[in-house]
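Trainee: I should like to learn how to read the features of a structural model.
Mentor: Let us begin by displaying it.

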Amino acid sequence: MSRSSNGTSRRLRLFKRREDDLLERSFRSCPGCDTDVHVFADVCRHCGDPLEIVLAS
């Protein structure tokens, strides 16, 4: 027999689940047109401006 009547199990949560911000960290704004571009892009797809890849230190 199941412990819960609706079929879902109860788990002890020791840590609060955080929202993953990987998607937010994967994009930056183009300085020319302010469109979101991938962090490793070297040219903006929207306006064609060259982008500088900035390394985190």
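**Reading surface, core and backbone**

Mentor: Leu12, Leu14 and Phe15 form a nonpolar surface patch of about 460 Å². Areas come from the Shrake-Rupley method with a 1.4 Å probe, and for residues only the protein chains shown count as cover.

The model is predicted: local features need pLDDT of at least 70, side-chain atom pairs count only at pLDDT 80 or more, and totals for chains, interfaces and linings use all residues. Residues are numbered from 1 along each chain as its sequence is written, and side-chain values use heavy atoms, with hydrogens and water left out.

Trainee: Where is leucine 12 found, and is leucine 12 buried or exposed?

Mentor: Buried means under 20% relative accessible area, exposed over 50%, and partly exposed in between (1.4 Å probe, protein chains only). Leucine 12 lies in the segment before α1 (22-25), and its relative accessible area of 75% makes it exposed.

Trainee: What is the average pLDDT, and where is confidence lowest and highest?

Mentor: pLDDT is the predictor's confidence in each residue, from 0 to 100. Where it is low, the predicted coordinates should not be read in detail. Here the average is 79, and 75% of the residues score at least 70. Confidence is lowest in α1, at a mean of 82, and highest in strand β2 (residues 36-38), at 94.

Trainee: Which residues make up the largest nonpolar core?

Mentor: In soluble globular proteins, nonpolar side chains tend to be buried together. A nonpolar core is a set of buried Ala, Val, Leu, Ile, Met, Phe, Trp, Tyr and Cys residues joined through side-chain atoms within 4.5 Å. The largest one here has 5 residues: Cys30, Val37, Ala41, Cys44 and Leu51. Of the 57 residues of the protein, 11% count as buried.

Trainee: Why does valine 37 count as buried, and what is in contact with it?

Mentor: Valine 37 counts as buried because its relative accessible area is 7%. This residue belongs to strand β2. Contact means heavy atoms within 4.5 Å. Apart from neighbours within four places in sequence, valine 37 contacts Ser26, Phe27, Arg28, Ser29, Cys30, Cys44 and Leu51. Between valine 37 and phenylalanine 27, 10 residues apart in sequence, the C-alpha atoms are 5.3 Å apart.

Trainee: What is the phi of aspartate 34, and where is this residue found?

Mentor: Most residues other than glycine have a negative phi. Aspartate 34 has a positive phi, near 65 degrees. It sits in the loop between β1 (27-29) and β2, and at 59% relative accessibility it counts as exposed.

Key: Patch = residues over 30% accessible without salt bridge, like charges linked within 9 Å, V, L, I, M, F, W, Y side chains within 5 Å. Salt bridge = Lys/Arg side-chain N within 4 Å of Asp/Glu carboxyl O. Helix = DSSP H or I, 4+ residues; strand = E, 2+ residues; numbered from the N terminus.
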